[in-house]
2 protein chains.
Amino acid sequence: MIQKRFFLNGAEHNVFVDSEEKLVTVLREQLGLTGAKVGCGEGQCGACSVIMNGKVVRSCITKMKRVPEGAQLMTIEGIGTPANLAVIQKAWIKHGGAQCGYCSPGFIVSAHALLLENQNPTRTEVRDWFQKHKNVCRCTGYIPLVDAVMDAAKVLRGEMKEAELDFILPADGRIWGSKYPRPTAVAKVTGTLDYGADLGLKFPDDMLHIALVQAKVSHAKIKGIDFAEAEKMPGVLKVITHKDVVGKNRITGLITFPANKGDGWDRPILCDEKVFQYGDAIAMVCATTRHEALAAAEKVRVDLEVLPAYMNLVEAKAPDAIEIHPGTPNHYFTQLLEKGEDTKKYFAGGDYVTVEDFTISSRQPHLPIEPDVAFGYYSDDGKLHIHSKSIGVHLHHAMIVEGIGVPADQFVLAANPMGGTFGYKFSPTIEALVGVATMLTKQPCLLVFDYHQQQQYTGKRSPFYTTIRFAADKDGKLAAMETDFDVDHGPYSEFGDLLTLRGIQFMGAGYDIPNIRGEGRTICTNHAWGSAFRGYGGPQSCLATETALDQLAEKLGMDPLEFRYKNVYRPGCTNISGQVPDSYSLPKMFDALRPKYKAALEQARKHSTDAYKKGVGLAVGVYGCGLDGPDTSEAYVEMNEDGSITVGTAWEDHGQGADAGAIGTAHETLLPMKVAPERLRFTWPDTEKTPNSGPAGGSRSQVMTGGAIRVACEALLAATKKADGTYMDYAELKAAGKPTRYNGTYSVPGVPNNEKGVGKPFMVYMYGIYMAEVTVETESGKVKVDKITNMLDVGKINNRLVVDGQNWGGMTQGIGFALFEDFEDIEKHKTMAGAGIPYINQVPDDMEIHYFEEAREFGPHGAAGTGEVPLCGTHPAILNAIYNACGARVKRIPATPERVLEAMKK
Amino acid sequence: MIQKRFFLNGAEHNVFVDSEEKLVTVLREQLGLTGAKVGCGEGQCGACSVIMNGKVVRSCITKMKRVPEGAQLMTIEGIGTPANLAVIQKAWIKHGGAQCGYCSPGFIVSAHALLLENQNPTRTEVRDWFQKHKNVCRCTGYIPLVDAVMDAAKVLRGEMKEAELDFILPADGRIWGSKYPRPTAVAKVTGTLDYGADLGLKFPDDMLHIALVQAKVSHAKIKGIDFAEAEKMPGVLKVITHKDVVGKNRITGLITFPANKGDGWDRPILCDEKVFQYGDAIAMVCATTRHEALAAAEKVRVDLEVLPAYMNLVEAKAPDAIEIHPGTPNHYFTQLLEKGEDTKKYFAGGDYVTVEDFTISSRQPHLPIEPDVAFGYYSDDGKLHIHSKSIGVHLHHAMIVEGIGVPADQFVLAANPMGGTFGYKFSPTIEALVGVATMLTKQPCLLVFDYHQQQQYTGKRSPFYTTIRFAADKDGKLAAMETDFDVDHGPYSEFGDLLTLRGIQFMGAGYDIPNIRGEGRTICTNHAWGSAFRGYGGPQSCLATETALDQLAEKLGMDPLEFRYKNVYRPGCTNISGQVPDSYSLPKMFDALRPKYKAALEQARKHSTDAYKKGVGLAVGVYGCGLDGPDTSEAYVEMNEDGSITVGTAWEDHGQGADAGAIGTAHETLLPMKVAPERLRFTWPDTEKTPNSGPAGGSRSQVMTGGAIRVACEALLAATKKADGTYMDYAELKAAGKPTRYNGTYSVPGVPNNEKGVGKPFMVYMYGIYMAEVTVETESGKVKVDKITNMLDVGKINNRLVVDGQNWGGMTQGIGFALFEDFEDIEKHKTMAGAGIPYINQVPDDMEIHYFEEAREFGPHGAAGTGEVPLCGTHPAILNAIYNACGARVKRIPATPERVLEAMKK
């Protein structure tokens, strides 16, 4: 212990600290300043940035002994407060810089330090600053952040009025379609929004800390667990193993397709008989402090019989491979697709030009800045509450309730304010662990993953090994497609059949292909289990589709744009599932893109050198909005005594903008009531307090929950409308003896794909065209994305800040998917940087989006979703651009320099 | 546990709380907002005030279940920050509203709420607001607080510029004599100054919480302590009894006068053989959380043989009383005084007019707003550190080191930022307890007293039972005084002999009395032990002196002013100890007071009615500055690389203004260097880091430590002076190869009083005259002080804000001493309100101070101290005014309505 004196946001502090402790821990856990967030915990992400003696430092790697005596420290709390926002914070809000908001305090602190040094930075200087200080954002694609700094600098220089940073309500009173700041923005930019780990710190002092004992091998039989020594460690309340679990000790995806050879009960909460993958939880230690829990967890001894680990689907499919789940074959599900005629004849030679390609997609990690976190407690009425980053509280309630063994009506699941999940939180994991611990200790329990745990023990995007074939006639009109693919879904089957169906639904999507035969297979392996991830099956499908189509165009001697233009959806065609498309915007988007494309090709030719070759690539991205087949969502609106109106949903916000989505949709519907937008209140999802809006995944929420909000608001309008055309207020409503709350349920008439792949899986789709311009350094194989141009039809736009941000961010993840990101090597890829998260200078400052707002029949006020589509088309456009630049056709992503070099040699 | 959603300083929070938990605990312990302070803990003091839905609430009595869902909360942290002070905070600073600062956040929050409702309050409305919201200040006498609100309101109304609230450095560059804000003011008004309990909350999570097992009887033999059950309670690390203490298990006052019959080792750290007073510590429980520690402490069983408890000195002196400390008589010390001729003849009848009076002073409680608190830890170099409210870190180090049994060089004692102590922290108690616990657990340990513990287990002012006789010639010239008094010092002898000497030194002080005989006796009892308290012996002595002199004046038929005027110190006389006075300001102060006195008498006559009688009373107050006899202090000044200069002392700041005192003295001495005052840095006292400046008591620090600072600064000036008359900066000093640090030691040639009471105990004295104007409600006996007028000579004034505040605050404590405060009834007086702390409407808004700045030879730049003197003259002036009003001569204080009524009947 040492005493350290410093000045924090202008106030002197004398704190007593372990000299080896990290500054961020002292700020957060000792001083209660939770504005600085812990992301990677190892200096790679900048979420913990603070200013020390004028310099930006990452407080997660700054040991207290290195904090100079008398240091001047500034944290986000010292920059501005909700009641007194700093210019940089207002600019951040104006530009939608805070999506999930987890990186925002670190970025704003960093930007503040930049502006102290340089009030007239160029965009490049801003970007270089964030690069140098390792500020990483996973949501925004960085563009709005740079925009915000540039505006703040203008205000500081006196070239812009501070008031210009504020949102001005348009004359028509509508926020629909505007850049209305999301309701959580102020809290996010001031560091006052409490995320799970922050809430955990703010619990009463009987909170227990959980440390996991995790597998360090990928496949093994468990012969014994010895925790006698651990139990005696200081502060330990309980060591928990599978034997203590009251319920079935399994997590289930609920619905298993009939053809699935497993029963869906294969994922243990705490491993009992076997370890199925690296990181699997074997035991939990509950102790008074985190340090004590971790120290005790080190003392748990697990006796294992190590089994052969199948780290990819080739190994798991091998004839001599043992069954990972004894009794269920490693290849446990097959989905077929049959559309139109048998396709054999098109590939038999003859009149058709054909192409066949084989691609492997990566085990892309979600790389949220906020690692997974959850806590549990018992409420005064005796119910078990679990709070987490769940993006499907009602879904997850059902997925874990039997496993932990609590009566369903005695169990409440709620979503905390949370950092991005990008889909990994479609899978509950930590929820079940925390539930078990809380039930057994009867005390509040907290589990916060470190970043290695985040990487090694949450789901990942499942790799597709895809063979795809296309046949076109001589004029370039597509006649047939054949697909044949395996999905490496890791050891747990949850949604693995559904994901395989996604491959069937989206290979070839966007194109009029009359005849298709396809087969997808789900394979059990011992690598990271497959969980949802933005685009879910779409990115893998588009990779196969779009790189093959490029090759076919070349074979046909056609321009890749014109070839695609010829084949995209037009009235009269059906999509892959045999369903009539809901929008025919692709041709007009190509028309709009064409001149830009030509100019880009011209520029690339002009500026290419032997050392730096430039290229242009295209791809179409299409994805559905919904859960597949029929889908339903519920919401309510309620007039409150204080004049506010609650828009009640369980629309989980993982950065995608549930708050803005709900408020924008309600406001548009309630326009006749003339409600000021700030009078609308959103809700935090909670199975006890909010209706079942379904999970916030698959770009379904704006369509489905937005739809439910619309229905509820319409009910409110109907109930409150007075004879003179105005609307009752709360008092009048009460006086009239009417209810103050109105529910809305919205369902769409989807039809699940049948065993032949035919159906109407989604009633609303999103369509985009992506043009990538890249430079390949021929000596190294390094690829730089110079620009992305996106033509996009996501229906009518609710909130422009949200939709811009979703697409910039999604395209950035597409860049990562194409070039950098992976979770193949459990050791190397366990860190954020090691796994290839794109830093700002790996992402172009120039990502143009042109919207084509085609109203959707089934979306409220014509809106579709938007989140998934940018991750469908971006990466194949980049891969096609690489080929265009240097002739390297990379078939396995990420297209690392080594792979590009290797492909160039071919 | 419940989940509660509210908005805190504009930011939404969802917290998980025990529904029975208090809001202040959630704010401080869960949310880390330690601006709201816990004082009384039961809604009597307002230190914890926050605004909830626009209303001021005391968060210590607001249970979480009573916080409305969605409530808007505002704490001091939301009002303004160090970098962005609110107007009310600036006004607070301007007027010196924050002395110890512990009440400041609560007051400022309360004032903020007032100004939200009423931007044009009258002073009465401000006072009524603070009265209604129970905001209590123990330091300032409330006047500067009302001044601050009035100024803030002016600024809010646009009648004053905000900039007028800032301190402007005078043209001559001097802050000496100015209203320079104290350096800690910004931290105090923003709630960012961490006091002991705040620092304790900000420790790493291995901090243990101590709960005490305390005696519930006042005198007993301990037969056994059974803690088997307690040890098994959750979270308990260790239960500690006297058997575990490594050292002598005693606290000692170090110096015991030769005639003392005790050895000074009578105060146990943890009781072993006996309980000596109610509240004595018998055992300690160290547990992970406070709740756990308290729960386990309830389970400790103490087997006692109850003994007769002597709750006053009459009982303890009774011939059949047993020895409280076996082997030492209950009357264990006697101090004599012999000055001039034997006094018998003056009282034998004849030419002299004589008076005899008997008074009893109360067991006045210090009533700080901050209860006692301390923590201990081991530093990386293996030393035991204890931090507390010690106002004498070097002294206390020596007082407890043997008791706890740590090598002296392995033990560091430091003072935290602290609320007022008014002297009770001249006695270490909690320090030793925390030291023992830290040594035995090897973990950081925290002990925070609740207010009942503060009342029942810290020292109190020792009651004097005084018989005093004066003889004057027919012309009213004093000829002789005889004093005979007993001091009820409680069970512990620490400084009891010294306190008795103070009676000898200050009975009759201020008057030329040629012949004196006196005897004072120290008596051991079982009531609260005697500790230092502002004025230490002076208030008791002045009570006896000044009420008797009033009676003598009446007997002589002289006006009380003229009688005093005739007898006060003039050149040629000596003081009680036979020492030549250091200032003869009393006659000129009486001259200045005379017209005011006459006017006051006139007003009183005019406005008296049968129901409300008004009166005017006078008293002289005199007290010495120093430790008695020779005194020494040490300081250093050090030039720092950043251009600042550290003024290094262990001048403990318990609200009296050590920071301003040190900086002001250094700045005045360093004037030739032209140092901007903000470049001067003070230090927090720490036996390892700061020199031995001696304790901050007895109004000695400005004289002694100020002197040491002056000497050190003069050394710096000498070392840095260049040929051209300018001074070297840090770089030049280093380049010249000279040291950057210069020490200063200052000693004064005091001579301790000998066994006959003769000596030169103090080289500097303070002199004041106090005129009280009161109204007595004749039916109830209730007394209201309408005004106090004070003529004051405390030498040259360093900081006017500090000295004003000390005197207003001291006079307020004098009002409390006279009328309200007591700690006689252990049960009734265990709360702040129960013990009679004066609320704002019990204190006049009109307390006039007129300074007579006579330079003192032994004070730096002519300064004396100031803290003790207002508590010497205020209360006898009030008692004399009561007599003047209604003829009631109250002889035992506090002069409660019952006692006034009783005295009126006589």
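Which residue in S20(A) is the bridge partner of A:Thr359? I looked that up first, keeping in mind that this is a predicted model. The partner turned out to be A:Thr466.

**Entry: around strand S20 of chain A**

I then checked how S20(A) pairs on the S15 side. Strand S15 of chain A, residues 353-360, runs antiparallel to S20(A), and eight bridges join the two. Next I went to S21(A), which covers residues 478-488. I counted nine bridges between S20(A) and S21(A), and this pair is antiparallel too. One example I noted is A:Tyr465, whose bridge partner in S21(A) is A:Asp486.

Then I asked myself how S20(A) sits in the structure. Eight of its nine residues (464-472) are buried, so the rest of the structure largely encloses this strand.

**Entry: where chain B meets chain A**

I moved on to the contact between the chains. Chain B brings 42 residues and chain A brings 42 residues. Together they bury about 3,600 Å², with 52% of it on carbon and sulfur atoms. I noted that B:Met1, B:Phe16 and B:Lys202 supply 19% of the area chain B buries against chain A, more than any other three residues.

I looked for salt bridges between chain B and chain A and found zero. For polar contacts, I got 10 residue pairs.

Last, I checked which elements of chain B take part. Strand S1, strand S2 and helix H8 are among those giving two or more residues. S2(B) gives the most, with six residues. I sorted chain B's side into 16 nonpolar, 15 polar and 11 charged residues.

Key. Residues numbered from 1 in each chain as written. Chains lettered and ligands numbered in written order. Predicted model: local features only at pLDDT ≥ 70, side-chain atom pairs only at ≥ 80, totals over all residues. Heavy atoms only, no water. Buried < 20%, exposed > 50% of the residue type's maximum accessible area, 1.4 Å probe, protein only. Helix = DSSP H or I, 4+ residues; strand = E, 2+ residues; numbered from the N terminus. Pairing = 2+ DSSP bridges. Contact = heavy atoms within 4.5 Å. Buried area = accessible area lost by both parts, 1.4 Å probe. Salt bridge = Lys/Arg side-chain N within 4 Å of Asp/Glu carboxyl O. Polar contact = N/O pair within 3.5 Å; in protein donor to acceptor, adjacent residues only side chain to side chain. Nonpolar A, V, L, I, M, F, W, Y, C, P; charged D, E, K, R; others polar.
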